[in-house]
Amino acid sequence: MKFPDGKWWVDTLPTLSLPSPVKNIPVQKHFPYRKEELPIILRIDENIVIAASGVSHPKIMKMILSTVESQRMLLKAPDDLRQDSIMKQVFEKVNKLLWRNIETRKRNLRIRTYNVSPLGPTSGVLEFVPNSMPLIDILKSLHQGDEMDITEARLKMKEFQSQSKNVRIQVYKEICHKVTPNLRTFFFNNFTSSDSWFESRTLYCHGIATTSITGYILGIGDRHCNNILLDKSSGEPIHIDFGVAFDQGQALPIPETVPFRLTRDIVDGMGVTGVNGMFSKNCEHVLNVLRSNTQYISGILDVLKYDPLYTWTMSPLRKKKLKQIYFNNDESDKGFDEFIKTDTGSEANAAIETVKRKLGAQGLSNEAVVRELIHEAVDPRNLALIFMGWSPFL
């Protein structure tokens with residue numbers, strides 16, 4: 001589709017000699033930058049694409065740069081990307097810690113990041129990750145032959161959402177009998193040689209382990225299938241949308257009951273060893289690095305306490321989005337705000353103390369902590385109680 005009233009983007013923006021806001025630009029010692037070193041925007045494609053996935057349906061815009069390359073970026077509004085931008089910086093610090101440790105470096109354990117540029121409290125632009133695809137789109141095609149399709153399974157969970165815990169667990173188990181995990185087929189279809197298949201599965205396991213443990217420590221929630229991408233060229237997972245962090249997911253009307261997403265399809269992609277072997281061992285290495293650098297991580301979070309751009313509770317836009325998801329704007333949403341904390345100034349200290357407590361884990365070994373977390377993440381008694389839009393049966 002054409003840009004609505006997009007004359008400024010097409011005609012004026014290319015004349016401003018601005019670099020791409022979502023491209024990595026290495027810091028140069030000399031000043032000023034030489035023009036040929038910067039990826040200046042030369043032209044904007046007049047056609048944009050609306051992303052099919054995502055609640056806000058971001059727009060995908062293509063730019064032609066002075067480095068003789070094209071780049072795409074996502075335009076999101078209304079959406080508050082300030083928390084995503086700062087969380088990306090935290091992930092980069094974690095990646096540096098992982099690189100300094102010999103065990104995590106030789107396994108190339110890292111969190112895949114992407115560039116985020118907030119344009120204010122209600123809009124921003126993001127780097128478009130090439131060759132990526134939302135997990136939900138991959139799973140929809142892989143589950144077409146199931147006895148119960150994904151939409152029907154979600155509606156089934158919603159139907160019994162207000163019932164007792166035992167009833168919901170029974171319904172969840174019935175759904176699982178009719179929905180068969182099948183993510184392993186993604187790797188068979190996309191990586192046809194034995195070497196590329198093995199490398200992709202390894203990269204996938206490494207990525208899931210790193211994001212799971214880091215996400216648990218930072219309390220990152222809202223890990224539904226639209227917020228996890230898979231790189232179709234490498235198999236590496238990419239997490240997006242960090243508007244729910246520091247265990248805010250536990251304060252939702254339907255609380256999140258697992259430390260990270262380790263559902264049946266996620267485990268199926270790991271192969272015959274499942275959560276044992278490569279995955280659990282990598283989790284232990286990542287946790288060891290984070291626990292060994294508790295003071296460093298606490299220092300990063302202490303800086304965020306005084307950052308005016310960071311909020312320790314959900315933004316109004318996030319609350320509105322969740323209200324639409326949970327209640328579809330009906331009359332039953334009147335008590336929604338009672339579940340969601342407002343920032344009174346004490347949430348920062350509480351969040352930091354929670355992170356420290358997780359890193360301490362009451363003196364338990366790394367192996368014991370990982371074993372307990374995996375048990376909680378795969379327990380049907382926990383997965384059955386999660387919001388149906390999270391698709392815990394996948």
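**Rings, cysteines and a helix face**

Modeller: In this predicted model, phenylalanine 186 is buried, and phenylalanine 187 is buried as well.

Biologist: How are the rings of phenylalanine 186 and phenylalanine 187 arranged, stacked or edge-to-face?

Modeller: Of the seven aromatic pairs that were counted, this one is edge-to-face, because the ring centres of phenylalanine 186 and phenylalanine 187 are 5.1 Å apart while their planes stand at 80°.

Biologist: And what about phenylalanine 188 and tryptophan 197?

Modeller: The rings of phenylalanine 188 and tryptophan 197 have planes at 25° and centres 5.9 Å apart, so that pair is stacked. Tryptophan 197 is partly exposed, since its relative accessible area is 27%, which lies between the 20% limit for buried and the 50% limit for exposed.

Biologist: Which residues do ring pairs link into a cluster?

Modeller: The cluster consists of Phe186, Phe187, Phe191 and Tyr204, joined through ring pairs. Phenylalanine 187 also has a charge over its ring, as the charged end of arginine 201 sits there, 5.8 Å from the ring centre.

Biologist: Where does the charged end of arginine 261 sit?

Modeller: The charged end of arginine 261 sits over the ring of tryptophan 390, at 4.4 Å from the centre of that ring.

Biologist: Changing topic, how many disulfides are there in the whole structure?

Modeller: A search of the whole structure gives zero disulfides. A disulfide is a covalent bond that joins the sulfur atoms of two cysteines.

Biologist: Next, helix α4: which of its residues are buried?

Modeller: In α4, which covers residues 135-142, the buried residues are Leu135, Ile136, Ile138, Leu139 and Leu142. Looking down the axis of α4, these buried residues fall within an arc of 160°, so they line one face of the helix.

Biologist: What do the buried residues of α4 pack against?

Modeller: They pack against several elements, including the strands β7 (132-134) and β8 (228-231) and the helix α5 (150-159).

Biologist: Last one, where is isoleucine 48?

Modeller: Isoleucine 48 is in the loop between β1 (41-44) and β2 (49-50), and it counts as buried, with 5% relative accessibility. From isoleucine 48 to lysine 62 there are 14 residues in sequence, while their C-alpha atoms are 7.3 Å apart in space.

Note on methods
Residues numbered from 1 in each chain as written. Predicted model: local features only at pLDDT ≥ 70, side-chain atom pairs only at ≥ 80, totals over all residues. Heavy atoms only, no water. Disulfide = S-S within 2.5 Å. Phe/Tyr/Trp six-rings, centres within 6.5 Å; stacked < 30°, edge-to-face > 60°. Buried < 20%, exposed > 50% of the residue type's maximum accessible area, 1.4 Å probe, protein only. Lys NZ or Arg CZ within 6 Å of the ring centre and 35° of its normal. Helix = DSSP H or I, 4+ residues; strand = E, 2+ residues; numbered from the N terminus. Arc of directions from axis to C-beta. Contact = heavy atoms within 4.5 Å.
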